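Hello,

Here is the structure we talked about handing over. Please open it first, then read my notes below.

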Amino acid sequence: MSRGRVLSRPDDLPAWFEPLLTRAGDSRTEDFTPVRPPAHGGRPSAVLVLLGEGGPAEGPDLLVLQRAATMRNHAGQPAFPGGGTDPEDADAVATALREANEEVGLDPNSAEAVALLPDLYIPVSSFVVTPVLAWWRRPHPVHPCQPAEVAHVARLPIGELVDPRNRIRVRHPSGWIGPAFQVRGMLVWGFTAGVISTLLDMGGWARPWAPGALVELPDASAPVPATRGGAPDEVLP
């Protein structure tokens with residue numbers, strides 16, 4: 001069983017971040033998914049869960065990108081910046097920051113990793129993913145650096161993610177049903193939405209929402225997510 005771990009508590013960390021940081025440090029894989037990472041094997045990888053603040057009146061937001069529609073895998077899907085670990089990466093933090101720099105031009109010195117979330121296993125790709133929770137101390141403009149892989153980058157306000165009007169469910173052709181968000185022209189679903197949903201609960205931000213609309217995912221080749229995300233009536237493969 002993998003557990004979360006707090007890495008640092010910066011003096012300038014906003015008050016709104018603290019509840020999430022404490023809960024993240026005590027989190028377990030089971031808080032996100034019933035699928036446990038294998039005891040051996042799996043492809044190590046990391047994603048950057050980057051929380052920043054546009055301004056005092058705007059509140060916290062979360063950096064998300066959308067994969068290019070022409071990609072062979074995960075085409076058009078939303079994701080956190082991240083990818084597979086390279087031999088030269090010192091740890092999961094190094095992987096997540098390097099990938100974010102390569103994908104969206106993030107200045108690694110502008111962000112500070114504050115916690116590691118539990119390892120999460122994605123069976124369809126055999127990735128063992130370590131989500132790196134980070135504070136975007138000095139936000140700056142970001143953009144797709146690799147148009148063949150990244151189509152769009154967005155900072156999604158937490159206030160919009162928790163708005164019940166923006167929360168829906170999606171159904172994969174396999175029968176899997178999970179949480180999703182319709183925010184700023186993006187349909188965020190799958191692994192990314194599952195992690196976001198759990199973090200909204202941990203941070204104390206989530207608002208009650210009815211299951212509402214059920215949107216069918218038409219692409220039968222889309223991978224089946226492995227996260228639970230607290231979705232009502234969820235069916236896991």
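The buried residues of helix 2 are A92, V93, T95, A96, L97, R98, E99, A100, E103 and V104. One caution before the rest: this is a predicted model.

**Helix 2**

Helix 2 is mostly covered, with 10 of its 13 residues buried. What does the covering? The cover over the buried residues includes strand 2 (43-53), strand 3 (60-67) and strand 5 (82-84). It also includes strand 6 (111-116), strand 8 (127-136) and strand 9 (150-157).

Now the two ends. At the start of helix 2, a side-chain oxygen of D91 comes to within 3.2 Å of the backbone nitrogen of V93. After helix 2 comes G105, with a positive phi near 75 degrees.

**Salt bridges**

The whole structure has 13 salt bridges. Side chains of opposite charge can pair when their charged atoms come close.

- R98 and E99 meet through their side chains at 3.2 Å, N to O. Both R98 and E99 are buried.
- R137 bridges to E112, with the closest N and O atoms 2.5 Å apart. This pair links distant parts of the chain, 25 residues apart: R137 is in the loop between strand 8 and strand 9, and E112 is in strand 6. R137 counts as partly exposed because its relative accessibility is 25%. E112 is also partly exposed, at 24%.
- R36 and E30 form a salt bridge at 2.9 Å, N to O. R36 has 52% relative accessibility, so R36 counts as exposed. E30 is partly exposed, with a relative accessible area of 24%.

There is also a network of salt bridges. It links D86, D89, R98, E99 and E102.

An open sheet of 4 strands runs in the order 12-11-10-13, with mixed pairing. Its edge strands are strand 12 (186-188) and strand 13 (214-216), each pairing on one side only. Neighbouring strands in this sheet are turned by 40 degrees against each other on average, direction ignored.

Strand 11 (residues 177-183) pairs with strand 12 in the antiparallel sense, over 3 bridges. Which residue of strand 12 is the bridge partner of V183? M186 is.

Helix 4 (residues 190-202) lies across strand 10 (167-171), strand 11 and strand 12. Helix 4 runs at about 85 degrees to strand 11.

Best wishes

Technical notes:
Residues are numbered from 1 along each chain as its sequence is written. This is a predicted model: local features need pLDDT of at least 70, side-chain atom pairs count only at pLDDT 80 or more; totals for chains, interfaces and linings use all residues. Side-chain values use heavy atoms; hydrogens and water are left out. Buried means under 20% relative accessible area, exposed over 50%, partly exposed in between (1.4 Å probe, protein chains only). Helices (H or I, at least four residues) and strands (E, at least two) are DSSP runs, numbered from the N terminus. Contact means heavy atoms within 4.5 Å. A polar contact is a pair of N or O atoms within 3.5 Å; within protein, one must be able to donate a hydrogen and the other to accept it, and residues adjacent in sequence count only if both atoms are side-chain atoms. Two strands pair if DSSP finds at least two bridges between them. Axes are lines fitted to C-alpha atoms, for helices over the stretch in contact, and angles run from 0 to 180 degrees between N-to-C directions. A salt bridge is a side-chain nitrogen of Lys or Arg within 4 Å of a carboxyl oxygen of Asp or Glu.
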